[in-house]
Amino acid sequence: CECAEGWTGPHCLVPAGYDDVVWDEPDTIADVGFHPPAYFPATLVAGFAALFVVLVVGMIMKGRSDRVEGYSPVPNVSGVNGGGGQFA
């Protein structure tokens, strides 16, 4: 079924048209009352970056020291997962 010019809908009974009014404006974070700071101190950003770098370097160094010193895990003596220790 094809509708005649200017009509639409499942039975062609609705006139084709449009609505210029935007009834539901998109929400913003300011609508809930949160206003972020206009200025974020560069020293704070630099501090967080330095902290992140120190943490990453510390993890890398810890991993390397475990391999260099020949770390081996303590054997499982609890009887869990087939440890077979004195508590099994």
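Here is a walk through this protein chain, from its overall layout to its surface patches.

The model is a predicted one, so local features need pLDDT of at least 70 and side-chain atom pairs count only at pLDDT 80 or more, while totals for chains, interfaces and linings use all residues. Residues are numbered from 1 along each chain as its sequence is written, and side-chain values use heavy atoms, leaving out hydrogens and water.

Let's start with the layout. The protein chain has 1 helix and 2 strands, and along the sequence they follow the pattern β-β-α. Helices (H or I, at least four residues) and strands (E, at least two) are DSSP runs, numbered from the N terminus.

How much of the chain is buried? Buried means under 20% relative accessible area, exposed means over 50%, and partly exposed is in between (1.4 Å probe, protein chains only). The chain exposes about 8,400 Å², and carbon and sulfur atoms supply 65% of that. Accessible areas come from the Shrake-Rupley method with a 1.4 Å probe; for residues, only the protein chains shown count as cover.

Now for the sulfur link. A disulfide is a covalent bond between the sulfur atoms of two cysteines. In practice, the cut-off is a pair of cysteine sulfur atoms within 2.5 Å. The structure holds 1 disulfide, joining Cys3 to Cys12 with an S to S distance of 2.1 Å. Why is it called left-handed? Because the torsion about the S-S bond of Cys3 and Cys12 is about -80°. Cys3 is partly exposed at 31% relative accessibility, whereas Cys12 counts as buried at 16%. Cys12 is found in the loop between strand S1 (7–8) and S2, and it has a positive phi of about 60° although it is not a glycine.

On to the surface patches. Like charges are joined within 9 Å, and nonpolar side chains (Val, Leu, Ile, Met, Phe, Trp, Tyr) within 5 Å.

Phe40, Leu44, Val45, Phe48, Leu51 and Leu55 form a nonpolar patch with about 580 Å² of accessible area together. Phe40 lies in the loop between strand S2 (14–15) and helix H1 (42–68), and is partly exposed at 47% relative accessibility.

Note on methods. Patch = residues over 30% accessible without salt bridge, like charges linked within 9 Å, V, L, I, M, F, W, Y side chains within 5 Å. Salt bridge = Lys/Arg side-chain N within 4 Å of Asp/Glu carboxyl O.
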